[in-house]
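Please keep the sequence and the model open while reading.

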Amino acid sequence: MENISGSIKKKDHEAKINGSALYVDDHVMGGMLYGRLLHSAKAKARITKIILPELPEGYLIVDKNDVTGVNRVAIIIHDTPVYADDAVEYIGEPILMVVGPDNQVVEKILHKIVVVYEEQIPVLDMLTSDTVFFDYKYTKGDMDKALAEADRVFIETFQTGYQEQAYLETQGLIAYPQDGRMTVRGSMQCPYYVHSAVANAIGCEGKDVQIIQDVTGGGFGGKEAFPSILACQVAVAAKKANKPVKVIFNRREDMEFTSKRHPSLSTYKVAIKNGEITGMDIDVLFNSGAYTTLSAVVLQRGLICANGVYRIDNLRVGGRAVKTNTVPCGAYRGFGAPQTFFAVEMIMDHIAKEMGLDSLELKEKYMVKQGDSTSTSGKYHFHVPLPEMIQRIDELTDYRAKRKQYQQQIGRYRKGIGLSMFFHGCGFTGSGERDIIKAVAKIRKNPDNTVEILASNSDIGQGLKTTFCKIVADTLGISYDQVYIDNPDTDRVPDSGPTVASRSLMTVGGLLQRAAEKLKKEWQDGKEQVIEEHFVEPDFVIPFNLKNFSGDAYPTYSWSVNAIEVEVDTLTAMTKILGAWGIFDVGVPIDMNIVVGQMEGGFLQGIGYASMEQMDYNDKGIIRNNSFSDYIIPTAVDVPNLVAEMMNNPYTHGPYGAKGAGELPLVGAAPAYVEAMENALGANLNKVPFTPEDAMKILQGVNT
Amino acid sequence: MMINFILNDQKVASTAKANERLLDILRTEFACTGVKCGCKEGECGACSVILDGRLVNSCMVAMGHVEGCTVMTIEGYRKTERFAALDTSYASVSAVQCGFCMPGMVLASECILAKNPNPTEAEIREGISGNLCRCTGYNAIVQAISIAAKEGEGLW
Ligand code: FES
Ligand code: FES
């Protein structure tokens, strides 16, 4: 293990464990008002009239007419209204906000408001959508030829559902005007995203807006774009009231009306000739919900990963993110990749069965290695450690032997084991880092020789405060206690880009390492010194072209192999997870405890996605699973034997050899779990979540 | 009518109505912001407090029930020697991630160990199964509790 991988006490340990850390709802400001949103009760309608009750003194209503800038939230495409215009596009769309000094009175007013809707027929099923938000296609080789020459074409469709981030702290922000400026603070991942959105909505210059991240109780992608929307609403309210306004979502509101993982349908046509896979023709459909938010980029990542870790010479990949009158989907750990990785791993498994092989045999035959070409005709520039990972998994689980053994089972309890192999492309898709983000980071040495890190990336639980400080302290050769970092405040930190895409440590951590190297050379005791570093694309990268999806979509990849073992009670369909093993390569771990914690947490989230996290809407478009009693996430007893091991595979261009980590562990859990269920049930399966209800259907089919 | 109870070893009196939630009163009237609200429906455990020696979800407790009771929140518990042992063990495995579940987890840890100073892994898992954590995958928390059980010999 490298020195830097040794674990130390986290910078934020103390305040969080003793309860003194202040999250947004813990802040109370003088004269502060409370806001609650009125959400649309219809999936698609024109608003013909809003009847307001008489308001007590000090209470006010905020709506589209109070938006002093543009009534659209700046995300990628500016289509999300700050407050609904005259129409609503999904159940939950914010129409107005009631604001006042007493939360309970605000609530009462909210219930007295009558909205008169002229209902229209909503589009709820993504297959019947008439609006395509994004449509991408790319090819490699000659797919038509591969299909024409095939002796056999496998066709199958795979389905994945919503996943709710279920961060424990719900969405919440406070906005307050001060000296002609607007400050917004609270729970978020990306302060500079919020910054431009607020300036655009209240119609002022960037210099008149300040965004401060408060201690944030988890994000997982759910606090990437959504806080920009809420911030615009709260800032407009604070401007109108000319007082601080706080909005904290309750759990049901958060589950029903904030973004979640895109449900998907992926159809794979796989050409086989002489027992060889000669091509994959892949069509992917994502349900975006009512507005575009981040769907363009989520879809891009999903498509780039569509052929998994396999060398497929002829490839045609197309996909659409379509509009429906349901809650807008957005970022979630893995960002489009869990959907397509599920599909490709399952189709490989099903093809293997047809060929009389175990899926691992087939997968091993096609998996890529260093120097191979990627789906987008880029290159895997670095070592691909899949063979060592498979070997390690087999040592840990006895996968190969068990897999065979479980094929012939009788009796009430039946076991199964499944395996997945996958990657996560580190950082922004394509040339986003170079062309759009252009990250800047700073470090400042104070006269007392302490060093402050100035970056816009937020510690949302992934340990960034600690790992950033370790990199800087270690590079400077000074004590870790001498280096500190506060939560980002856009008045104080440069724009080092958002906390997303497994980029913070690899990309911004790299800038900090460079800055620290420079400071070390120029160090002057007792003087204040500031060093600034700007992003430079590594020179080995083959430039990415988004038009035809060609080049390196990512500079490098994190790799992993997962295995999951289950036991199914064939009488009740209840399933126990006997073990879950993950081998992860995230380059050099900057602090082993932190990385293992990330892997374990992400892996368990993935197992939840695979097995129990069921969310759907009814025929009116209302999300039915809107509480922790309806939407079940794993507890401490669900996967008692969960093992995460790290494989040290340094990335030459990352700080201390580190690369992207946060998203990887979620990506491969679903195919490993569902393959295990197949092994136990002796059937081909094609959906996640795969719940006990689904298992019961299969069992009843088998038994009758 | 005042509601009298003992909060973190001090006698206090609240003007709250009998049907208000203990969670809200602790946070607003007594500034115990270490008690977190994750769901207000008794499902997540972020609002855990120790009431007369038992771990309860304070969002599910009406103030009327609290008359004459003893309530311990993280604000009181953090002054104890037992907390210090848990603090050290949680730190040694870096169990804290976003931290939102942590005050509740720490109080759950205390209740597990107070009942059984040498719990098995399964007992620990059972003991924290009413407290959701979306970040950690629970392994580090389970480990932290068993380290505290070993290292804090005699404390529980
Ligand atoms: S807030 Fe009380 S259990 Fe969730
Ligand atoms: S540390 Fe985030 S919920 Fe437990």
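**Salt bridges, burial and the interface**

By the rule used here, the count comes to 57 salt bridges over all chains, in what is a predicted model.

Q: Why is the pair of Glu89(A) and Lys323(A) called a salt bridge?
A: The closest N and O atoms of Glu89(A) and Lys323(A) are 2.9 Å apart, and the rule asks for a side-chain nitrogen of Lys or Arg within 4 Å of a carboxyl oxygen of Asp or Glu, so the pair qualifies.

Q: What makes Glu89(A) buried?
A: Its relative accessible area is 13%, and buried means under 20%, so Glu89(A) is placed in that class.

Q: How do you know that Lys353(A) and Asp349(A) form a salt bridge, and where do they lie?
A: Their closest N and O atoms are 3.9 Å apart, and the cut-off is within 4 Å, so the pair is counted as a salt bridge. Both residues lie in helix α8 (residues 337-354) of chain A, four residues apart, which is about one turn of the helix.

Q: Why is Lys353(A) called partly exposed?
A: Lys353(A) has a relative accessibility of 35%, and the class lies between the limits of under 20% for buried and over 50% for exposed, so Lys353(A) counts as partly exposed. Asp349(A), with a relative accessible area of 1%, is buried.

Q: What makes Arg503(A) and Glu433(A) a salt bridge, and which parts of chain A does the pair tie together?
A: Arg503(A) is in the loop between β21 (483-484) and α14 (504-522) of chain A and Glu433(A) is in helix α12 (residues 432-437) of chain A, so parts that are 70 residues apart in sequence are tied together. Arg503(A) is buried, with a relative accessible area of 0%, and Glu433(A) is buried as well, at 6%. Elsewhere, salt bridges that share partners join Glu345(A), Asp349(A), Lys353(A), Asp358(A), Lys363(A), Arg403(A), Glu675(A) and Glu678(A) into one network.

Q: What makes α4(A) mostly covered?
A: Nine of the twelve residues of α4(A) are buried, among them Tyr192(A), Val194(A), His195(A) and Ile202(A). The buried residues pack against β4 (72-73), β12 (181-186), β13 (209-213) and α5 (226-241) of chain A. After α4(A) comes Gly203(A), whose phi is positive, near 70 degrees.

Q: Why are β6 and β8 of chain A called edge strands?
A: Three strands of chain A form an open sheet in the order β6-β2-β8, with antiparallel pairing. Strands β6 (87-88) and β8 (114-119) of chain A each pair on one side only. Strand β2 (residues 45-51) of chain A pairs with β6(A) over two bridges, and pairing requires at least two bridges, so this pair meets the rule. Ala45(A) stands opposite Val88(A) in β6(A).

Q: What makes Ile583(A) buried, and which residues is it in contact with?
A: Ile583(A), in strand β24 (residues 575-585) of chain A, has a relative accessible area of 1%, and the limit for buried is under 20%. Leaving aside neighbours within four places in sequence, its contacts include Met389(A), Leu396(A), Trp559(A) and Glu645(A). Ile583(A) and Glu645(A) are 62 residues apart in sequence, yet 4.9 Å apart in space, C-alpha to C-alpha.

Q: How many residues are in contact between chain B and chain A, and which salt bridge can be pointed out?
A: 43 residues of chain B are in contact with 53 residues of chain A. The area buried between the two chains is about 3,700 Å², of which carbon and sulfur atoms give 54%. Five salt bridges are found across this interface, and the side chains of Asp26(A) and Lys36(B) meet in a salt bridge at 2.5 Å, N to O.

Key: Residues numbered from 1 in each chain as written. Chains lettered and ligands numbered in written order. Predicted model: local features only at pLDDT ≥ 70, side-chain atom pairs only at ≥ 80, totals over all residues. Heavy atoms only, no water. Buried < 20%, exposed > 50% of the residue type's maximum accessible area, 1.4 Å probe, protein only. Contact = heavy atoms within 4.5 Å. Buried area = accessible area lost by both parts, 1.4 Å probe.
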